[in-house]
Amino acid sequence: MKRTLRFKVNVTILITFLAIAIIYTLIQLPFQERRIRTAMSSIETILQTLVDREMNQIANEIYESQMTTYSIGGRLEALELRLGQMKEVGDILSISIYDSTGEIMLFKGVETSMTLLTPQVKRDVEAHPYVKKAKLQGVTALQYMEEISLLGERLGYILIYYSLATIEKEQKFSYYIFGGLLGFIFLIMVIIQNIIFHQIIIKPIFSLRKAMIVLQQGALGEQIDNSFKDEFGDLTSTFNLMSKDLADSYKRIEDQNTELIRTYDDLSKLNLELEARVRERTIELEEANTALNYTIEDLQRMQDQLVQTEKIAALGRLVSGIAHEINTPIGVGITAISYLENVTGEILDKYKTEQLGRSDLSTFLNNVGNSSDLVHKNLQKASELIKSFKLIAVDQTYDEIRTFKLKEYIDLLLLSLEPKLRMIKKNIQIHCSPDLKVKSYPGAIAQILTNLIMNSLDHAFEEIEKSIISIKIAVEGDQLNIEYSDNGAGMTEEVRSRIFEPFYTTKRGQGGTGLGLSIVFNIVNQKLKGSISCKSSPGEGSIFDISIPYEL
């Protein structure tokens, strides 16, 4: 529920006024109590004075009524008459006379329920008059009791009830007057406050509210008549400045919006032109990309053809070397057989002419044995060369996974490369266990070692007198580690970083194709699922570290 500011201020004033009234009442209560106590003390004094004044007469009449046997009724009547006179004093409700035993003798006024005094009450009265507030027939009264004595002898007790109704009425009246006065003051304060509040607060706020509504409806720049000289004047000035700033800002925004719309139209036109250019360029790029893909495919086919050509060239070099090597033992065998034919012809001629002697036959047999041994050794060497060539050639042509002894296979490979290695054969060091078996592509391993050896021969040993090639093979876990090294010329960092790039060679135009080490890199990484790295410095040779799976 919405609460107005006027309502909130009135509630605040009411709460403040109630708090002040409560505090004032709390302050006034002790004074009221003291006034009541003073009034009761005055009543007590009046009663005490009354009793003291009539005490002797009352005591004598009680004494005489107790001591004489005649005219008792007359004495009591006189006593009753005296009590009636005493009752007329002030607001006395009731006067009762009790004998020394505490039994009521006579009363005047409102009948009391106390017909017999208790021992405790009598003890309380012995020391001094007994005074307290009490109720008599529903009326609040001051109870006054005093002992009646004559010449030190207790004759009875007198009990007086004095009404406090007048005092209570006066107290209630004062409360009513006080409440009415507070209400009147509060009403005056509310009226004055509302008049002042309306002039000082409500009117300026309504002016601001009206201006804000107008501003909200779009009338930017709305101004309020500023006739206030207080904080509302500052607030009104601030509102006027804000309204003016809003109007100025709105105008700037409209100008900027117009400019933005114009810029947007220009950008839209430019965007359409750019889209058209992008479409044209995209078509051109797609055509160029298609042509580039064809070129890449051609280059890939060319590279594959070059790789295959490199393999065939390597195989051709192998065939040439093997043919050269086989030519020597076969030539020696043919020479030995020719010699045997000649010697045999001479022996036949001597045999036919019966000129064959014992020494001739012994010489002939000795020549036959030597020639046969020579032919056998050379034919066996040719057979070994052919066997190694056949194995290496088949592995490189029809490469399949098989289990083989690596050391034995490397020896056969070196035998097939013997023509190329004749100058450094004694300086090739193979560090491999003879019983090491691997399950892999033998042709791929042969291709790797062949290309590394040929790379060393072509590039590393040109100015090296004592050439050394070292091949160290070890098994670590499921990996076969091959370390190939030479003591050649080494490489610069620029050359080393590019040796595995296709067609990169330092002997362009001198027979180098730049595919040897690239083929090695592809075989190790793709076919054998391994890795290869190179370390080299000028004058310190080169080291190739190869790691491939022990079993594929």
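**Exercises on a predicted model**

In this predicted model, a polar contact of 3.4 Å links the side chains of R53 and E54.

**Exercise 1.** Determine whether R53 is buried or exposed, and name the helix in which R53 lies.

*Solution.* Begin with the location: R53 belongs to helix α1, residues 5–67. Next, take its relative accessibility, which is 56%. Exposed means over 50%. R53 therefore counts as exposed.

**Exercise 2.** Carry out the corresponding analysis for S518 and list its contacts beyond four places in sequence.

*Solution.* S518 is part of helix α11, residues 516–527. Buried means under 20% relative accessible area. Because its relative accessibility is 3%, S518 counts as buried. Leaving out residues up to four places away in sequence, S518 touches I499, F500, E501 and P502.

**Exercise 3.** Describe the largest nonpolar core and the contacts of I473.

*Solution.* The core has 46 residues, of which L406, I473 and F544 touch the most other members. Among the elements that each supply at least two residues are α7, β9 and β12. The largest share, eight residues, comes from α9. Apart from neighbours within four places in sequence, I473 contacts L406, I410, H431, C432, L436, L480, N481 and I482.

Definitions and conventions: Residues numbered from 1 in each chain as written. Predicted model: local features only at pLDDT ≥ 70, side-chain atom pairs only at ≥ 80, totals over all residues. Heavy atoms only, no water. Helix = DSSP H or I, 4+ residues; strand = E, 2+ residues; numbered from the N terminus. Buried < 20%, exposed > 50% of the residue type's maximum accessible area, 1.4 Å probe, protein only. Contact = heavy atoms within 4.5 Å. Polar contact = N/O pair within 3.5 Å; in protein donor to acceptor, adjacent residues only side chain to side chain. Core = buried A, V, L, I, M, F, W, Y, C linked by side-chain atoms within 4.5 Å.
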